[in-house]
Amino acid sequence: MTEARINRKGADRVASGHPWIFRSDLLGAPDAQPGSVVRVLDGRNVRLGWAHYSSRSQIALRMLPFETQRTDAGFLRRLIRRAQDYRDRVVENTDAYRVVHAEADQLPGLIVDRYGDWLVVQTLSQAMDGAQPALLDALQELFSPKGIVARNDVSTRRHEGLEETKGALAGDVPEGVVVTMNGVRFAADLLQGQKTGLFLDQRENYAAAACYARGNALDCFSYNGGFALHLAGACERVTAVDSSESALAIVQSNARLNDLHNIETRKAKAFDLLNDYAMGRKSFDTIVLDPPAFAKSRKHVEAAARAYKEINLKALKLLERDGVLVTCSCSHHFSEADLLEAVAAAALDTGKRLRIIERRTQGRDHPIALTIPETHYLKCLILQVM
């Protein structure tokens with residue numbers, strides 16, 4: 001088996017429990033095929049385990065479970081079965097959830113999402129992309145799905161020298177499938193929808209927000225109405241806001257699917273609309289802020305802090321006494337502490353006192369590995385005006 005030697009910094013990273021070894025930590029390039037399994041040694045020839053090798057990415061090695069020497073169908077079947085066993089314990093009241101969450105399930109570079117009888121996969125490394133035939137065999141054997149879709153239209157594949165592609169890999173894939181989350185029905189477009197069809201990571205936060213929502217509600221950056229549809233059962237009226245007309249059409253379609261008649265949609269940029277509402281002295285009892293990532297890298301954190309403060313400040317100006325604010329950040333680089341600081345600064349500037357009702361993160365089907373901070377990306381705060 002080909003060997004890859006790494007320096008002290010890389011060895012310390014392995015010892016700390018993080019599975020990524022960067023190209024700068026290699027002691028020479030291994031004579032290995034892209035995506036192959038290599039034996040990892042430190043500078044003193046001590047064996048540290050095995051890893052997937054990438055010939056292109058700055059993440060040159062992705063460590064595998066310690067005794068793993070090959071990633072064939074048997075390996076994939078065993079670890080996917082283990083991942084599904086965990087979901088069987090923590091996932092409830094839904095037929096749409098994440099089955100495999102990459103490194104957090106010891107399957108680096110692999111995402112598998114389930115939408116009822118269909119599966120959606122993303123292979124984000126050279127190794128997992130090359131293992132696609134074995135992966136399909138494992139998924140067919142474990143789940144007997146009606147269809148399997150590849151959603152490899154993500155920019156991270158470029159770092160691996162892989163093309164962005166999408167399409168059916170097996171079986172029949174309809175234009176849309178209907179799934180249920182927390183008793184709410186959603187139409188999911190597995191080939192064209194954002195992410196792999198829906199924002200599955202917010203599923204538990206949707207239900208939590210509905211517990212506190214009341215009165216007149218505003219859902220900013222609504223996309224397909226994940227929050228809006230959940231709030232509708234607890235609120236008199238919900239306004240779903242998005243800058244995409246096609247996204248709002250999905251909200252309206254999902255509202256009809258659930259026989260909900262108290263949701264209206266507004267095509268607008270959230271920042272601008274909140275300004276307009278403030279000038280018109282409009283107010284709300286519940287406001288949800290679920291923007292796209294403002295910090296896509298570390299260099300954007302400072303600008304993101306200003307954006308998160310501004311959007312929360314604008315929302316707080318519209319909140320009534322005892323009003324509820326649900327505010328989210330989906331950027332790994334912007335921590336919960338950063339988000340708390342931005343909201344606190346916004347509250348001080350508006351003269352409103354807030355109390356934290358819940359501090360939440362991504363759903364339990366998107367587990368967070370303790371020593372891999374990159375697996376913790378979604379933050380969700382539920383606050384109330386005192």
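Which residues of α9 are buried? In this predicted model, the buried residues of α9 are Ala304, Ala307, Tyr308, Ile311, Asn312, Leu313, Lys314, Ala315, Leu316 and Leu318. Helix α9 itself is formed by 18 residues, and the separation of its first and last C-alpha atoms is 26 Å, close to the 26 Å expected at 1.5 Å a residue.

Two packed helices are described by the angle between their axes and the distance between the axes. For helix α9 (residues 301-318) and helix α10 (residues 336-350), the packing angle is about 45 degrees and the axes lie 8 Å apart. An angle of this value makes α9 oblique to α10, because angles from 65 to 115 degrees count as roughly perpendicular and those under 35 degrees as roughly parallel. The crossing of α9 past α10 is right-handed. On the α9 side, the contact involves Val301, Ala305, Tyr308, Lys309, Asn312, Leu313, Leu316 and Lys317, which meet Asp338, Leu339, Ala342, Val343, Ala345, Ala346, Ala347, Asp349 and Thr350 of α10. Sorted by class, the residues of this contact comprise 11 nonpolar, two polar and four charged. Tyr308, Asn312, Leu313 and Leu316 belong to the α9 side of this contact and are also listed among the buried residues of the helix.

The handedness of the crossing of α2 past α4 is right-handed. Helix α2 contributes Ala73, Leu76, Arg77, Ile80, Arg81 and Gln84 to the contact, and helix α4 contributes Ala134, Leu135, Ala138, Leu139, Glu141, Leu142 and Phe143. Nine nonpolar residues, one polar residue and three charged residues make up the contact of α2 with α4.

Helix α4 contains 12 residues and extends 16 Å between its first and last C-alpha atoms, close to the 16 Å expected at 1.5 Å a residue. Its buried residues include Gln132, Ala134, Leu135, Leu136, Ala138, Leu139 and Phe143. Of these, Ala134, Leu135, Ala138, Leu139 and Phe143 also take part in the contact with α2. Just after α4, Ser144 adopts a positive phi of about 45 degrees.

Strand β9 (residues 147-152) includes Gly147. With a relative accessible area of 1%, Gly147 is buried, since the cut-off for burial is under 20%. When neighbours within four places in sequence are left aside, Gly147 is in contact with Asp117, Trp118, Leu119, Ala170, Gly171 and Asp172. The C-alpha atom of Gly147 is separated by 7.4 Å from that of Ala168, a residue 21 residues apart from it along the chain.

Gly35 is placed in the loop between β2 (20-22) and β3. This glycine is likewise buried, at 17% relative accessibility. Excluding residues up to four places away in sequence, Gly35 touches His52, Tyr53, Gln126 and Ala127. Gly35 and Ala104 are 69 residues apart in sequence, and the distance between their C-alpha atoms is 20 Å.

Helix α5 (residues 203-212) holds Glu204. A relative accessibility of 16% places Glu204 in the buried class. Glu204 touches Arg360, Gly363 and Arg364, with residues up to four places away in sequence not counted.

Positive phi values were also found in loops. Asn45 lies in the loop between β3 (37-41) and β4 (47-53), and its phi is positive, about 70 degrees, although the residue is not a glycine. The relative accessible area of Asn45 is 46%, which means that the residue is partly exposed. Gln106, in the loop between β6 (96-101) and β7 (110-115), has a positive phi near 60 degrees and is likewise a residue other than glycine. Gln106 counts as partly exposed at 38% relative accessibility.

Conventions:
Residues are numbered from 1 along each chain as its sequence is written. This is a predicted model: local features need pLDDT of at least 70, side-chain atom pairs count only at pLDDT 80 or more; totals for chains, interfaces and linings use all residues. Side-chain values use heavy atoms; hydrogens and water are left out. A crossing is left-handed if the near helix is turned anticlockwise from the far one by less than a right angle, and right-handed if clockwise. Helices (H or I, at least four residues) and strands (E, at least two) are DSSP runs, numbered from the N terminus. Contact means heavy atoms within 4.5 Å. Ala, Val, Leu, Ile, Met, Phe, Trp, Tyr, Cys and Pro count as nonpolar, Asp, Glu, Lys and Arg as charged, and the others, Gly among them, as polar. The expected span of a helix is 1.5 Å times one less than its number of residues. Buried means under 20% relative accessible area, exposed over 50%, partly exposed in between (1.4 Å probe, protein chains only). Axes are lines fitted to C-alpha atoms, for helices over the stretch in contact, and angles run from 0 to 180 degrees between N-to-C directions. Angles under 35 degrees count as roughly parallel, over 145 as roughly antiparallel, 65 to 115 as roughly perpendicular and the rest as oblique.
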